[in-house]
Amino acid sequence: MKRGKGTLWLGLALLLVLALALAACGGKAETGQQTEGNEVVLTIGYTESQTGKYNVSSSRQVKGLQLWVKQINEAGGIELSDGTVIKFKTVSYDDESSKDRVQELYTRLATEDNADFLISPYSSGLTAAAAVIAEQYGKVMITTGAASDSIYKKGYTQVFQIYTPASRYLTGAVDILQKADPELKKIAFVYEDSKFATSVVTAAKDYAESKGYEVVLFEGYAPDTTDFGPFINKIVGSGAEAILGGGHFQDGSTFARQLHEEGVPVKFVALLVAPPEPDFAELGDAAVGIVGPSQWEPQAQYTPEAAQKLGIEWFGPTSKEFVDAYVAEYGEEPSYHSAGGYAAGLILEKAIRAADSTDPAKVKEALDAMDVLIFFGRIKFETAPEAHGLQIGHEMVYVQWQKDDQGNLKKEVVWPEAGATAELLYPKP
Amino acid sequence: MSQRKPSLPPAFRLADFRPALPGRHWANWALPLLVVLGLGIFPLLTGKDVHRETMFTLLRAVVMAVSLNIILGYTGYVSFGHVVFFGLGGYVGFYLVAVQGRTLWEALLAGGLAAGLLAWLIGIGILRLRGAYFALVTIGVNEAVKAFIQNFDPFGGPLGLTMNFSVYQAYGGPRAMLQMTYYILVALAVAAVLLAYAVRTSKFGLGLLSIREDEDAAEVMGVVTPLAKTWAFVLSAILPGMVGALFFFRNGSVEPHEAFPLHLSIEAIVMVMLGGQGTVLGPVLGAAGYQAMRAFLLTNRYLKDIQLTVSGALLLLIVLFIPAGLIGWLRRRFPASRRVLL
């Protein structure tokens, strides 16, 4: 009798296992390369942080990408020389802003959904996990929203970066300073203790020192810092004339406000991430004179003429065309995350056109050979094996908050000089 | 338990792991083992990489839940910061492979040892606390270790560590590496179940159960409660530490905020509760069920945009209608099942 019951329970347990396994498989999606006549539909796979802390940036990035997909399909796709017409569709899952399932989801994209090309998740950490999978299945992955240098120094061959890497985020600020005031020598670095900010300022510090600057303070603060008093005392005590650093929006804007309130006598302040955000203007007078690096700004002067001057090819819409289309589609201004998402699609399109094929190996070759100017900036990838795929063409643009004649706050591009919309306000009031 | 002589030896001994009660039904250990093996073998049958990855996430949760159950379910101490062992093991293992150039095997061992050692240190320090105080301190410990690692330069500080892709060549390239780490995880999950069974049915385990029911009474009866609790904590930490080493090795990078996410601890508690705390099979089913549901919702074409809402509603329904967890409910509903379900 016991045996009979035991078998019954065993059977039940096995059934349960089977049910769980079936549930885990999920529904089968109709994706992968589909051919109809001479029309081929390619699948682009990515994960989006629909929930969790990357939600805002990630969804803007995806909106940018979706706009490109919509435009290219409405324009009739890409026509190859053999008459094949390429159109695109996307498959995406929610990565919950967490590494937990990124590899699982990218494996699903690569094997079940048969994605032909991959776009990275938002953030360097998630992208690092996804890159292992892209590499394993030999899928080209265009990364956007992933600025960390280290991802591209791990020996990958299929991963291509759109963003300016973190190591060059603030080096331009040093250049601006040198141009504006060759006499100034003492810099303080005060930054958020996060992966991103630390890697940015470490590289900027080396650069500043190589340019003959004296770094009088190099100090990190905890990500949730709200009182910058102790740091401000140290800055004043160190005799610094310029401050570089910051981290993310919340801490950066608080830092800027308290610098203003304390009347810290520095001539130049450059902070990460916060200044390019439109909300930074809410600081009022405290925002005036603050400089910040941005991957892209709508005013940035990347035009066909600029491409001609550089002697490289121009591709895709102008900044204005992109902004107009984006506003028409979503009813909001694009941020640089949105532009990055669109640019990822555009670069894929350019590579497919240049390769005149959808063969991943040929597309990869085209990406390796690429040197092009688009509305987002110049795109060129490192091809040496030790940093393959690292972005070497794109430059940050630097914005500064200034007041116009009526006393209204305005965000102006001040660097690079070629794309500047206003002179640098120096010293900071 | 009442017929047994209640006094337990004053110190923790290996002999305490001998089954305390004779005549256990073989299904007590066979059922959880079969479930784990069934889950582990499933991707090998289908041969699909995506099933392997889904099962990786699922079995990782099984190890976390089954291990947590030793301190949570058997001993009655809620550890909100259990992910600290996963993170620390991950960091130590990753450091050995990526910086010291050691093998994955050494990394696994070191990850488990580091987690065990941390649990022992925490245990002698804070396991004299009871109830909510203990739960609060475990959260603090997680944050403290995270803050320490964020400022610990050999582990890369806030930058974390990354590993060159070429490391995987030593394991036959990335494809073979992903396959191999999966087998290791299946083995760890089997180990977790066997450990949970051994503890549950041992004299030592009876001591833990008596702590859960009434700690003062247990002490009067001769259970050296701080020591027993510390060892329970250590045993519940080792396997999560090893899984951490395995997980981050696969990921190729580790960062402080990824290694110590509090929500993983909370999820592990939910899984233990769903399956039935204090049982051997419960956490296995709880973890498998919970993760399978999440995986299904995340990738289902119609539900993926509202997956958190749906999973929240389902959890609510389960907690409302079967608060004792699946195994607890089955045992109550079908008294005959008590012999086979543990």
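Student: What makes the radius of gyration of chain A agree with that of a compact globule?

Tutor: For 429 residues, a compact globule would have a radius of gyration near 22 Å, and chain A has 24 Å, so the two agree. Please keep in mind that this is a predicted model. Along the principal axes, the C-alpha atoms of chain A fill a box of roughly 85 × 65 × 45 Å.

Student: How many helices and strands does chain A have, and what share of its residues counts as buried?

Tutor: Chain A contains 12 helices and 17 strands. Of its 429 residues, 51% count as buried. Among contacts in chain A with a separation of 6 or more, 66% are between residues 24 or more positions apart.

Student: How do you know what confidence the predictor has in chain A?

Tutor: One reads the pLDDT, which is the predictor's confidence in each residue, from 0 to 100. The mean pLDDT of chain A is 88, and 92% of its residues reach 70 or more. Over residues 21-29 of chain A, however, pLDDT stays under 50. For that stretch the model has 18 contacts beyond four places in sequence.

Student: Which residues make up the domains of chain A?

Tutor: The domain assignment gives domain 1 as 34-164 + 300-387 and domain 2 as 168-294 + 396-419. The centres of domain 1 and domain 2 of chain A, taken over C-alpha atoms, are separated by 31 Å. Between them, 10 residues of domain 1 of chain A are in contact with 12 residues of domain 2 of chain A. The side of domain 1 of chain A that touches domain 2 of chain A has 5 nonpolar, 4 polar and 1 charged residues.

Student: Why is S97(A) called buried?

Tutor: The cut-off for a buried residue is 20 or more other C-beta atoms within 10 Å. S97(A) has 23 other C-beta atoms within 10 Å, and therefore S97(A) is buried. S97(A) lies in the loop between β4 (85-94) and α3 (102-112) of chain A.

Student: What is the phi of S97(A), and what makes such a value worth noting?

Tutor: Phi of S97(A) is near 55°, a positive value in a residue other than glycine. Most residues other than glycine have a negative phi. S123(A) also has a positive phi, about 95°, although it is not a glycine.

Student: Is S123(A) buried or exposed, and how do you know?

Tutor: S123(A) has 22 C-beta neighbours inside 10 Å, so S123(A) counts as buried. S123(A) is found in the loop between β5 (117-119) and α4 (124-136) of chain A.

Student: Why is P223(A) called partly exposed?

Tutor: A residue is exposed with 12 or fewer such neighbours, buried with 20 or more, and partly exposed in between. P223(A) has 16 C-beta neighbours inside 10 Å, so P223(A) counts as partly exposed. P223(A) is placed in the loop between β9 (214-221) and α7 (229-238) of chain A.

Student: Which residues does P223(A) touch, not counting residues up to four places away in sequence?

Tutor: P223(A) touches E192(A), D193(A), S194(A), G247(A) and D251(A). D193(A) is 30 residues from P223(A) along the chain, yet their C-alpha atoms are separated by 6.1 Å.

Student: How do you know that the peptide bond from W415(A) to P416(A) is cis?

Tutor: The peptide bond from W415(A) to P416(A) is cis, with omega near 0°. P416(A) lies in the segment after β17 (409-415) of chain A. A cis peptide bond also joins Y426(A) and P427(A), with omega about -5°. P427(A) is likewise found in the segment after β17 of chain A. Most peptide bonds are trans.

Student: What makes the span of helix α5 of chain B close to the expected one?

Tutor: Helix α5 of chain B (residues 131-150) has 20 residues and reaches 29 Å from its first C-alpha to its last, close to the 28 Å expected at 1.5 Å a residue. The buried residues of α5(B) include V141(B), V145(B) and I149(B). The buried residues of α5(B) pack against α3 (83-98), α4 (104-126), α10 (256-259) and α11 (262-275) of chain B.

Student: How many residues of chain B are in contact with chain A, and which helix supplies the largest share?

Tutor: 51 residues of chain B are in contact with 43 residues of chain A. The largest share of the side of chain B that touches chain A, 8 residues, comes from α12(B). By class, this side of chain B has 24 nonpolar, 18 polar and 9 charged residues.

Terms used:
Residues numbered from 1 in each chain as written. Chains lettered and ligands numbered in written order. Predicted model: local features only at pLDDT ≥ 70, side-chain atom pairs only at ≥ 80, totals over all residues. Contact = placed C-beta atoms within 7 Å. Domains from an automatic or database assignment. Nonpolar A, V, L, I, M, F, W, Y, C, P; charged D, E, K, R; others polar. Helix = DSSP H or I, 4+ residues; strand = E, 2+ residues; numbered from the N terminus. Rg over C-alpha atoms; globule rule 2.2 N^0.38 Å. Expected span 1.5 Å × (residues − 1).
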